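Notebook open, structure loaded. I want to go through the chains first, then the place where they meet.

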Amino acid sequence: MEQEQPLVAATPWVARPQARLGVGGIWALARRKPLGALGALIVLTLIALALAAPIIAPYDYREQNRSELLKPPSAAHLFGTDNLGRDIFSRVLYGAQTSLYVGLVAVGLGTTLGSVIGLISGYAGGRTDLYLQRLMDVLMAFPTLILAILTVAMLGPTTTNVLLAMAIVFTPTANRVVRGAVLAEKENPYVDAARAMGAGGGRIVFQHLLPNVLAPIIVIASTSLATAILVESSLSFLGLGPPPPTPTWGAMLSVGSRTFFEQAPWMAIFPGIAISLTILGFNLLGDALRDLLDPRLRGARG
Amino acid sequence: MQAYVLRRVLLMVPLLFGVSVVVFAMVRVLPGDVATLMVAGGQDSGASGVNEETIQAIRRSLYLDQPLHVQYGIWLWQVARGDLGTSYWTKRPILDEIGRALPITIELAVLAVLISVLVGVPLGVVSAVRQDTGLDYAGRLFSIGALSLPDFWIGTMLVLFPLLWFGWIPSIKYTPLLVDPGANLQQMLFPAFALGVHNSGPIMRITRSSMLEVLRQDYVRTAWAKGLGEARIVWGHTLKNAAIPVLSLIGVRLGRLLGGTVVMEQIFVIPGLGLLVLGAITERDYPLLQGVIVLFAAIFLLVNLIVDVLYAWLDPRIRYT
């Protein structure tokens, strides 16, 4: 469909996704992007495992068995036991719950907030834009993990605070992406048309612009998820994550790699594999989504 | 060119102000009164009159009883005079503590960046030149893998497997580079390697996509037609032009890298800024925490500034945005 080209070559920022979603459509998608499909599979499996943890975990994650300290992997304990006699397999499963919960909620919050700010800031322009962006710039001046560390340290290490800290970390990134998209989309004729029909700013932003910037939002959200798992496990590793007895992979890795590695390397290896696999899954998925929805983002944010 | 640089430098100033305000505000929100902590030293203070007076005296001397903006003003004034205050925890001037720790963290960061470039760029080039071959897929696999392995996991494994296999760990005692390069590098190379490999993933990918773009250019085709050998074309001509986005990425990734140094310093017991931050948090050392975090932000901003200026210098098209 021919669109009148504005003077500035603002081609639509978002490439319309070509695949249709239906069962056949998903299969075709998977064949086009096998790695992405693999990523999606990993993520879905993880979510399933995390949700099913109370059912499939052979032991409670707090259950300590003093007679089975530091036992290697066996039939009874698939991943072995730790220094308090707890079953590592169960703890890894419940740890998935923690990591996925924190990651999904934090990215959800952060991306939503960042997108809203980006939408408003990009559409309104002028002083609103200026002030909001300065604020975002200040947030972006902090190295990622350091901002998270500072926030959690200040608020206290509870799960909710970890969530908040991570949401703050993801807000500026979403904001930058969405604002860029809005700035480009804003020039399109449909915006003028809506305005001519009497649509107010809010309506234009949320009913017209938002659906068209949804693609980069999805991409940014999925790449942020990989980062989220990394940040959450780094925080837990440093002791600033969700507090015990909540099992977190980072904390398990931290304990397992300190005093007990020589006697019980499995304490550190399995959580580490879990973290890496999860991040890998989200990365693959994010890459594939980005290639499908907006190739222009490729290579921009490693 | 000068105008561009000047503009960017000037922009940094309000940003740093903003950062310091945010850090200051966050730090004062901290639960746990420093004065009480200092006096009690872990004991329950009870209702003893003496303790109360001492606590109040300490609070007054640290200006903790003043409204927040007054405290901020006082701090800013001190900083302008070059006095970052004294650490509550170590009782030494903060400037000294930072001065001691900063070069160490910088060394770690520089080594990590070097390794990530030395690993990532050649892999990216090879992957681009041999696109869609086995080498390419191997390279891309490596880059995704490296990106997915958390840097602290790589670091941990680097410590632990030599321990398991050879019964050897890198030394925990820090020796400065100039005093004994061998001992220094022995300690620093492991964390630098972990950080470097983890960050080489995105660098490899950017190099690859950038090279792919450049290789399609007309002047490359001309070089081929002239009969220049592949090595000369790839390494001599295209790489220089493809390197520019890599530079930009280094600036972006530096944020992750600096965070990574904090974790690495904890694992490998390196007395840099990261350990300083973690210690300050545990000890509720407000001034130290403020100083170090603002410094981290300043480093990040400065490096990004340098990267952007370099970028503008190498590619004149950017300058006029």
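I started with burial in chain A: 49% of its 302 residues are buried, where buried means 20 or more other C-beta atoms within 10 Å of a residue's own, exposed means 12 or fewer, partly exposed lies in between, and C-beta atoms are placed from the backbone. This is a predicted model, so I noted that local features need pLDDT of at least 70 and side-chain atom pairs count only at pLDDT 80 or more, while totals for chains, interfaces and linings use all residues. Residues are numbered from 1 along each chain as its sequence is written, and chains are lettered from A and ligands numbered from 1 in the order in which they are written.

**Chain A, overall.** I counted 10 helices and 0 strands, taking helices (H or I, at least four residues) and strands (E, at least two) as DSSP runs numbered from the N terminus. Along the sequence the pattern reads α-α-α-α-α-α-α-α-α-α. I then looked at contacts, meaning C-beta atoms, placed from the backbone, within 7 Å. Of the chain A contacts with a separation of 6 or more, 73% join residues 24 or more positions apart.

**A:Met166.** I picked this residue in helix 6 of chain A. Is A:Met166 buried or exposed? It counts as buried because it has 28 C-beta neighbours inside 10 Å. Leaving out residues up to four places away in sequence, A:Met166 touches A:Val102, A:Ala106, A:Gly110, A:Ala148, A:Ala228, A:Val231 and A:Glu232.

**Helix 4 of chain A.** This helix covers residues 126-140, and its 15 residues reach 21 Å from first C-alpha to last, close to the 21 Å expected at 1.5 Å a residue; the expected span is 1.5 Å times one less than the number of residues. Its buried residues include A:Met136, A:Val138 and A:Met140. What do the buried residues of helix 4 of chain A pack against? I found helix 3 (88-124) and helix 6 (159-185) of chain A, together with helix 1 of chain B.

**Chain B, overall.** I got 12 helices and 0 strands here. Buried residues make up 38% of the 321 residues in chain B. Residues 24 or more positions apart give 73% of the chain B contacts with a separation of 6 or more.

**The interface.** Chain B puts 44 residues into the contact and chain A puts in 37 residues. On the side of chain B that touches chain A, the largest share, 10 residues, comes from helix 10 of chain B. That side of chain B divides into 33 nonpolar, 8 polar and 3 charged residues; Ala, Val, Leu, Ile, Met, Phe, Trp, Tyr, Cys and Pro count as nonpolar, Asp, Glu, Lys and Arg as charged, and the others, Gly among them, as polar.

**One helix pair across it.** I looked up helix 10 (residues 266-293) of chain A and helix 7 of chain B, whose axes come within 11 Å and cross at roughly 150°. Axes are lines fitted to C-alpha atoms, for helices over the stretch in contact, with angles from 0 to 180 degrees between N-to-C directions. Helix 10 of chain A and helix 7 of chain B are therefore roughly antiparallel (under 35 degrees is roughly parallel, over 145 roughly antiparallel, 65 to 115 roughly perpendicular, the rest oblique). A:Ala268, A:Gly272, A:Ile275 and A:Ser276 on the chain A helix meet B:Trp153, B:Thr156 and B:Leu160 on the chain B helix.

Note on methods. Contact = placed C-beta atoms within 7 Å.
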